[in-house]
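Open the model in your viewer and keep the selection tool at hand. The stops below say what to select next and what is there.

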Amino acid sequence: MSTLGRKEKGQSLRGSRIAIAIVIGVLLGCVFAFLYPHGFFSSDPASSTHRIATSSLQIGSTSCESAERIKMLKSDIVSLSEKNGELKKQVRELSEQLRLAEQGQDHAQKQFLVLGKQQKAGPPGTVKGLRTNPTVVPDPSVNPRLAKILEDVAVGRELIVALANSNVKNMLEVWFTNIKRIGIPNYLVVALDDHIVDFCKSNNVPVYKRDPDEGVDSVARTGGNHAVSGLKFRILREFLQLGYSVLLSDIDIVYLQNPFDYLYRDSDVESMTDGHNNITAYGYNDVFDEPAMGWARYAHTMRIWVYNSGFFYIRPTIPSIELLDRVADRLSRQRNAWDQAVFNEELFFPSHPGYDGLHAAKRTMDFYLFMNSKVLFKTVRKDAALKKMKPVIVHVNYHPDKLPRMLAVVEFYVNGKQDALDPFPEGSD
């Protein structure tokens, strides 16, 4: 009974305390409502006005000091902003250097990841390195108008492309007349002036004229052979970006067979040579003799005659596009440079301190099938057996009297006139 009594007494006391707390809260609420009718946290208008007046007086008394202080702060802000900009620039430069360093560090590994899984080397005699690089993903947004033309003209995503202005109109006619005679459908003339556009259209020749570009147009209108030839490295880039392989052709070429039947297509660049026999065309060990060196007087060097930049097949690969960019960049900076020399230097020079060489696969065309005019006039026309062979093309690159020799080539190989080549000297007068 005593335990139950204590529980009832405790509960009664707890209830009384709660009631007292409620009453005190109500009383305090009434007092604050009376003293602060606008709320406990709202400011009294009179008091606020007094504070504002006091602040205004203080500001007025220190206005000169504040103006100077503000000017100093602004100057500090400008100085800090400039330093911040310099620091950001340094951070960007260091980040780019770090990115390039990391890129170079694992370049070989990334190539394997892109081109295929890593493989173990097989037994001696079974191992062959990669020769054929993958093509780029076509990007029609680069030039939608050209993309539409190439869809209609190209066969198997490849075509012959030639640049021409009015200076070479007569040679151009010989060029496309023989292409038509063989029945090659996939060829295109890049017209460098409106007169060539009209001339091609009147002869049912596929033609394309680029959008206005003063950097190209000024050369195209008045440039000679070398100047116009240098433009091709800028113009061809779009063809490759669109995913097409191009057989680049100068105009001083006579087509006798379809060249697409004789290509290997296993390299980035497949080019005709300026060489005139096996060693000059395909390379040889040239021994340099320096007697003053005594025991070490003989130095072995490797030599090859240059590729002809007027007739080459180029696949749409990253190394190919890099080649075009390198050559175009150098020609834009080195005004007196010859495009063929630059083309070969970028294609063949190896990496060395201060220079990263181009990693492009290359193939030399058969110099009897893709024949230069030195081979024809110096060797072939004098050899009874070689005269019976029919080349794929003859490029009149070694001689300035181009049109008469082109017409003579047609007479000899097409019309069968056996003495058509005889009147011409081996070289030029």
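Select β6 and β10: the two strands run parallel and are joined by three bridges. Strands here are DSSP E runs of at least two residues, helices are H or I runs of at least four, and both are numbered from the N terminus. Two strands pair if DSSP finds at least two bridges between them. Find Val269 and look across to β10, where Lys362 stands opposite.

This is a predicted model, in which local features need pLDDT of at least 70 and side-chain atom pairs count only at pLDDT 80 or more, while totals for chains, interfaces and linings use all residues. Residues are numbered from 1 along each chain as its sequence is written, and side-chain values use heavy atoms, with hydrogens and water left out.

Stay on β6, residues 269–273. Is this strand mostly covered or mostly open? Mostly covered: five of its five residues are buried. Buried means under 20% relative accessible area, exposed over 50%, and partly exposed in between (1.4 Å probe, protein chains only).

β9 pairs with β6 in the antiparallel sense, over four bridges. Glu270 faces Tyr313 of β9.

Now widen the selection to the whole sheet. Seven strands form an open, mixed sheet in the order β3-β2-β1-β4-β9-β6-β10. β3 (207–209) and β10 (362–364) are at the edges with a single partner strand each, so one side of each has no neighbour in the sheet. From one strand to the next, the twist averages 30 degrees. Angles run from 0 to 180 degrees between N-to-C directions, and axes are lines fitted to C-alpha atoms, for helices over the stretch in contact.

Move to β1 (residues 158–164) and β2 (residues 187–191). These strands pair in the parallel sense over five bridges. Leu163 has Val190 of β2 as its bridge partner. Next, show helix α7, residues 194–202. α7 packs on the sheet and touches β1, β2 and β3. Its direction makes about 160 degrees with that of β3. Contact means heavy atoms within 4.5 Å.

Select Val153, in helix α5 (residues 144–153). Val153 has a relative accessible area of 13%, so it counts as buried. Which residues does Val153 contact, leaving aside its neighbours within four places in sequence? They are Leu159, Pro185, Asn186, Tyr187 and Pro206.

Three strands, in the order β5-β12-β11, form an open sheet with mixed pairing. β5 (253–255) and β11 (370–372) are the edge strands, each pairing on one side only. Neighbouring strands are turned by 15 degrees against each other on average, direction ignored. Three bridges join β5 to β12 (residues 393–395) in the antiparallel sense. Ile253 has His395 of β12 as its bridge partner. α15 packs on this sheet, touching β5, β11 and β12, and its direction makes about 20 degrees with that of β5.

Finish with α15 (residues 402–413) and α6 (residues 169–182). Their axes are 10 Å apart, at an angle of about 20 degrees. The two helices are therefore roughly parallel (angles under 35 degrees; over 145 is roughly antiparallel, 65 to 115 roughly perpendicular, the rest oblique). For the contact, pick Asn170, Met171, Val174, Trp175 and Asn178 of α6. On α15, pick Lys402, Leu403, Met406, Leu407 and Val410.
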